[in-house]
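The sequence and structure come first.

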Amino acid sequence: MRIKTFALTLMALAIGSVAMAQGDIDQRVEELLQKMTLEEKIGQMNQLSGGYQFTEMIREGNVGSILNIVDPVEINAVQRAAVENSRLGIPLLVSRDVIHGFRTIFPIPLGMAATFDPDIVEQGARIAAIEATASGVRWTFSPMLDIARDPRWGRVAEGSGEDTYLDVQMGVAMVKGYQGEDFSDPTSMAACIKHFVGYGAAEGGRDYNTTMISERALRNVYFPAFKACVDAGALTLMTSFNDVDGLPSTGNDWLLRDILREEWGFDGMVVTDWNSSGEMIAHGFAEDLKHATELSINAGVDMDMMSWGFIQHTKSLIEEGKLSMETIDNAVRNILKLKFRLGLFENPYVDVTLARKVAYAPEHLAAAKQCAIESAVLIQNNNNVLPLAKGSTVLVTGPMADAPYDQLGTWAFDGEEQYTVTPLKALAAHFNVINAPTLSYSRDTDTSSFKAAQKAAKKADAIVVCVGEEAILSGEAHSLSNLNLQGAQSQLIAAMRATGKPVVVVVIAGRPLTIERDLAKCDAMLYSFHPGTMGGEALADLIAGEAVPSGKLPMTFLRDAGQAPFYYNHPMTGRPNNGTETLLHDIPLKAGQTSLGCTSYYLDTGYGPLFPFGYGLSYTTFEYANVNLDKYEHNKSDYIHIDFDLTNTGDREATEVVQIYVRDLVGSVVRPVKELKGFMRVTLKPGETKHLMYDLPVSDLAFWNRDMEYVVESGEFQLWVAGDSASGEPINFKVL
Ligand code: GLC
């Protein structure tokens, strides 16, 4: 009994201390707020990109945060201007886009999603936080949670792809990794969930374009990852550039107050995207910067990234009665609370020697390599040409074979190419490498070196062609209407095919490209979403069989860009494709108007994608068997206990990403043909069978229905346990 009492006492003290810490912070915020002048309050709401050049403004209390400075000496200098020279000594929030690593660059977020491994993603975010905070950066503008169903949009690179469930798992992992357990720990970096909301639904895949998303689609598809990250304690949120149904997010009080604050209880801080407040003028939603400022602050924005509107117009808007002091005070409370939570008042400065000590630590590089290994997706391996025989002679060519800068991918500001290990460098550890330089960058059209490469190939046992995209071809404002390999890359693959040697294509890109024609010209294709600093070693280990591919596609791969937007979890439509459709070259002359079959498909490309969401091969094969449910009628409070056998039917130890999909056959609104509801990574030795179980709460089948209620509707369901979204046999069950 005494032990129990002692434990209870400890627990009470622990809870009390957290509550006291929070209560202590709230009290400290109020005390400080009371001392602040209106100008000082407005100054906290102002975020500027730069450092030294704003020293005077910082001393005057006119800057609350800076971004894009990473030199610890400069950061300490401008922080000293705030802490020691401004009237109240309020420290600055120092921020940066640390999107997939700071110095040690991990695969781009789309690649991290392909791992289906939240643990390695959390580890990567923790490492990014350790390296960035060592420079003085305590706030990152990550994770990007934008659901992306259109690979023409360049920013698919920065998110977790098309699926809501995967987006939730990856977003929460990054928030936990960045922020850690104790926000006041010097290595804790505030996360910023972005871009709220619907940015990835830009019409035509054209960045910044308008979006038309119903409330129900917002709630069922685009909100869940944000809500999950709010529940996981994300400290900040960024508004998006786009409008949703005519309302730019930065001026949308339904989003920022009704949903975010009232419904979800978000108690963090809201920042605009870069000048997204001022851009409401271009949207035709604000008359001028003063009006944009009024709209943003009244909608619920706390901090203004680089419009300069808040610092210029807030005081006059208050004097004119268009903004209330209560609104301003609440915004400043959110900002000050964040600064107290991060411990900036006690610990504003950074040890300027630390950054270089922690950067590229061996354990950081090892984690980045493991993440890159798990993020690579084997999409073709005819005749098991991969892995190549170690010690054999391999000709290596292609613009991405030795591209240390481009391999890092988009938003890798602080990665340093001199640390990048490229495939060309790494392959030499496993093979006798012949380097045959051909195209020098992804857009290069100069084929003059192809013949020499073909000649050199005569001495090789196999050819590895590394193609893809320079980093600049994906990311912000880099949309593409044509997703074929740029330049003469496809011709290079064909030229290598013409040698008659086995051809392995490695694609290193920022998005799913339309590579069907290239698949026909190679034996194997390994797809790597800009794999970062250690990508070359990861790819070389996979090619040599030191590691076995386990990555799965986080986005559907198209046969043609004209199919976009295309995603696996789509509604069935009233005339679903049935596989009997007549294709373009089979259409008889003078065909009758209704003779081709009236279903949802394309005359030229048919219906299906090139590869489905969740697809990825291994060097072995896996067999799913004996998939059972504990029962076939469930109450809404039940768990569905799924059990099944998984066998590694090949001769290599390997990891399979088992995926659980569910379909709600009939709903009060049309429902997706299937939705991912769970996954697990399972490692099996050759020939090994594991009996596995997965417990799926029936409550996870809830959705926002016709009456805009979040409920599980009774009726017939189907469930799949498979290795991708297009495989497996459905099991029927009922919810009562
Ligand atoms: C940008 C991006 C946003 C980024 C911000 C700061 O334009 O949209 O994702 O965090 O500016 O760099």
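Domain 1 and domain 2 bury about 2,100 Å² between them, 57% of it on carbon and sulfur atoms; buried area here is the accessible area (1.4 Å probe) that two parts lose on being put together, summed over both. The model is a predicted one: local features need pLDDT of at least 70, side-chain atom pairs count only at pLDDT 80 or more, and totals for chains, interfaces and linings use all residues. Residues are numbered from 1 along each chain as its sequence is written, and side-chain values use heavy atoms, with hydrogens and water left out.

**Domains and their contact**

The chain is divided into domain 1 (6-17 + 25-354), domain 2 (376-544) and domain 3 (622-735), with bounds that come from an automatic or database domain assignment. Between the C-alpha centres of domain 1 and domain 2 the distance is 37 Å. Contact, meaning heavy atoms within 4.5 Å, involves 29 residues of domain 1 and 28 residues of domain 2.

There are 17 residue pairs in polar contact between domain 1 and domain 2, both residues at pLDDT 80 or more. A polar contact is a pair of N or O atoms within 3.5 Å; within protein, one must be able to donate a hydrogen and the other to accept it, and residues adjacent in sequence count only if both atoms are side-chain atoms. Helix α5 (residues 109-114) supplies the largest share of the side of domain 1 that touches domain 2, with 3 residues. Helices (H or I, at least four residues) and strands (E, at least two) are DSSP runs, numbered from the N terminus. That side of domain 1 has 16 nonpolar, 5 polar and 8 charged residues; Ala, Val, Leu, Ile, Met, Phe, Trp, Tyr, Cys and Pro count as nonpolar, Asp, Glu, Lys and Arg as charged, and the others, Gly among them, as polar.

**Salt bridges**

A salt bridge is a side-chain nitrogen of Lys or Arg within 4 Å of a carboxyl oxygen of Asp or Glu. By this rule the model has 36 salt bridges, and 3 are counted between domain 1 and domain 2. R155 and E476 form a salt bridge through their side chains, at 3.4 Å from N to O. Another joins R80 and E84, whose closest N and O atoms are 3.4 Å apart. These two residues are 4 residues apart in helix α4, so about one helical turn separates R80 from E84.

**Ligand surroundings**

Residues with a heavy atom within 4 Å of the ligand include R155, W411 and E476, along with D97, F141, K194 and H195.

| Residue | Distance to ligand oxygen |
|---|---|
| K194 | 2.7 Å |
| H195 | 2.6 Å |
| E476 | 3.0 Å |

**Backbone details**

Most residues other than glycine have a negative phi, and most peptide bonds are trans. The peptide bond from S142 to P143 is cis, with omega near 10°; P143 sits in the loop between β4 (139-140) and α7 (164-179). A cis peptide bond also runs from F196 to V197, with omega near 5°, and V197 is in the loop between β5 (192-196) and α8 (215-222). N68, not a glycine, has a positive phi of about 75° and lies in the loop between β2 (65-67) and α4 (72-85).
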